[in-house]
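Please open the structure in the viewer and keep the selection tool at hand.

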Amino acid sequence: MSAPIGPTDSSRVPRFAGPATFARLPRLDQVDHAGIAVVGVPFDTGVSYRPGARFGPSSIREASRLLRPYNPGLDVSPFAEVQVADGGDIAVNPFSIGDAVETIQEAATGFARAGTRLVTLGGDHTIALPLLRALHAQHGPIAMLHFDAHLDTWDTYFGEPYTHGTPFRRAVEEGILDTEAISHVGTRGPLYGKKDLEDDRRFGFGIVTSADVMRKGVDEITDALRQRIGNRPLYVSVDIDVLDPAHAPGTGTPEAGGLTSRELLEILRGLSSCNLVGADVVEVAPAYDHAQITATAASHVAYDLVSVLALNKGA
C-alpha cells in the first residue's frame with residue numbers, strides 16, 4: 001500500500017495560493033481511496049433565524065489553509081496515518097428540505113459503503129439527521145456527543161419536522177441513537193419553557209452546560225463523557241455556536257456565555273480513545289464573521305476531529 005498523499009507543500013506553494021481544499025489536501029478524485037473524507041454540505045434551508053450557513057464549507061476550507069500536518073495536541077500527523085481527502089460538496093436542493101435530507105443520506109451511505117469516514121462541514125444542523133441515518137445502517141445504535149448552545153430536540157417549527165432545531169428528536173424517535181450514551185455539551189441560554197428540558201431528559205440526553213465546563217473543568221467533564229460513551233460507535237456533532245460569540249460571532253443563533261475555543265478543542269482531544277465513526281461541524285455563517293474568527297475555530301475543530309479519526313484508523 002502506497003503512503004498517503006498529504007497536503008500541498010507550503011514551502012513550495014504559498015498557503016494563500018493553490019487549490020482551496022480543506023487543509024490543502026488532495027481531492028477525492030486524486031487518490032485511490034480515502035479512509036477519511038472532509039465533505040461540505042452547503043445547505044441552510046432549515047434555519048430558524050439568520051441564514052448564511054450554506055457558505056460555511058467554503059469559509060472553513062479557506063481558513064484551513066493555515067493548518068499544518070502535525071497535531072501536537074494529539075501527537076499525531078493525521079494526514080500521514082491515513083489517506084485524508086477533500087470530498088467536495090454534496091449538492092442538495094436548496095428549495096426542499098425533504099429532498100436535501102434524502103440526497104445527504106444517499107451520499108453518506110455511499111461513503112460508508114466505500115469504507116470512508118466523514119467529517120462533514122455544514123451547512124445548518126438539519127444535515128446531522130441524514131448523516132446519522134447512514135451511520136446507523138452501518139453500525140446500529142450510535143452514541144453521540146452534541147456540542148451546541150441549544151438542545152435541538154424540539155418537535156417542529158411552523159409544522160415542519162425537519163429543521164436545524166429538530167434533528168436529534170427525530171433521531172431518537174427513529175431509534176438511531178443509543179439513548180444510554182447521548183449528551184449535549186455547552187448548552188445555555190433561554191428556552192421556550194421547562195418542558196424543553198423535561199422532554200430532553202425523557203429522550204435520554206445528559207446535559208453538560210457551559211457553566212458546568214467552567215465550574216468543573218475540562219478534564220473532569222471529558223472523563224465523565226468518556227465513561228458515558230464507553231466503546232460504543234460515537235458520532236460527534238459540533239454546532240459552532242457552542243462557542244461564545246467572542247470566539248464564534250459568525251453563526252445564525254448566537255448565545256452569550258459559551259465555551260472558549262480552547263475548552264472545546266481540549267474536550268475533543270480527550271475523546272481520542274473513543275470509537276469515533278463520524279463527525280460534523282455546522283452553523284458557520286461567514287456573513288456575520290469578523291476576520292475569520294469563526295471559520296478559523298471551525299477549521300481547527302474539524303482538524304482535531306480528523307486527527308481523532310486518524311488515531312482510530314482501524315475503527
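Begin by selecting Asp212, which touches Ile207, Gly217 and Ile221 when residues up to four places away in sequence are not counted; contact here means heavy atoms within 4.5 Å. This is a predicted model, in which local features need pLDDT of at least 70 and side-chain atom pairs count only at pLDDT 80 or more, while totals for chains, interfaces and linings use all residues. Residues are numbered from 1 along each chain as its sequence is written, and side-chain values use heavy atoms, with hydrogens and water left out.

Asp212 is found in helix α7, residues 210-216. Helices (H or I, at least four residues) and strands (E, at least two) are DSSP runs, numbered from the N terminus.

**Before β1**

Next, select Arg15, in the segment before β1. Arg15 is partly exposed, at a relative accessible area of 23%. Its contacts, leaving aside neighbours within four places in sequence, are Ser10, Arg24, Arg65, Leu66, Leu67 and Arg68. Glu62 is 47 residues from Arg15 along the chain, and the C-alpha atoms of the two are separated by 9.9 Å.

Ala23 is also found in the segment before β1. Its phi is positive, about 55 degrees, although Ala23 is not a glycine. Ala23 counts as buried, at 3% relative accessibility.

**Helix α1**

Select residues 56-63, helix α1, and then Arg61 within it. Six of the eight residues of α1 are buried: Gly56, Pro57, Ser59, Ile60, Arg61 and Ala63. What covers these buried residues includes β1 (36-41), β2 (84-89), β3 (117-122) and α10.

Arg61 has a relative accessible area of 7%. Which backbone oxygen does the side chain of Arg61 reach? That of Gly88, at 3.0 Å. Leaving aside neighbours within four places in sequence, the contacts of Arg61 include Phe22, Val38, Asp86, Gly88 and Leu121.

**The nonpolar cores**

Select Phe22, Phe147, Val236, Leu264 and Leu305, which touch the most other members of the largest nonpolar core, a set of 53 residues. A nonpolar core is a set of buried Ala, Val, Leu, Ile, Met, Phe, Trp, Tyr and Cys residues joined through side-chain atoms within 4.5 Å. The largest share of this core, 10 residues, comes from helix α10, residues 293-311. Apart from this core lies another, of 33 residues, among them Phe43, Ile127, Ile142 and Ala171.

Return to Phe22 to see its surroundings: not counting residues up to four places away in sequence, Phe22 touches residues including Ile60, Arg61, Leu67, Ala302 and Tyr303.

Thr294 is in helix α10 and is buried, with a relative accessible area of 0%. Its side chain and that of Asp289 are joined by a polar contact of 2.7 Å. A polar contact is a pair of N or O atoms within 3.5 Å; within protein, one must be able to donate a hydrogen and the other to accept it, and residues adjacent in sequence count only if both atoms are side-chain atoms. Residues touching Thr294, not counting those up to four places away in sequence, include Ile240, His247, Pro249 and Val284.

Now select Gln292, in the loop between β8 (275-282) and α10. Gln292 has a positive phi of about 60 degrees although it is not a glycine, and it is partly exposed, at 38% relative accessible area.

**Helices α3 and α4**

Finally, select residues 97-113 (α3) and 128-139 (α4), which pack at an angle of about 40 degrees with their axes 8 Å apart. Axes are lines fitted to C-alpha atoms, for helices over the stretch in contact, and angles run from 0 to 180 degrees between N-to-C directions. Val101, Ile104, Gln105, Ala108, Thr109 and Ala112 in α3 meet Pro130, Leu131, Arg133, Ala134 and Gln138 in α4.

A cis peptide bond joins Gly122 to Gly123, with omega about 15 degrees.

Notes
Buried < 20%, exposed > 50% of the residue type's maximum accessible area, 1.4 Å probe, protein only.
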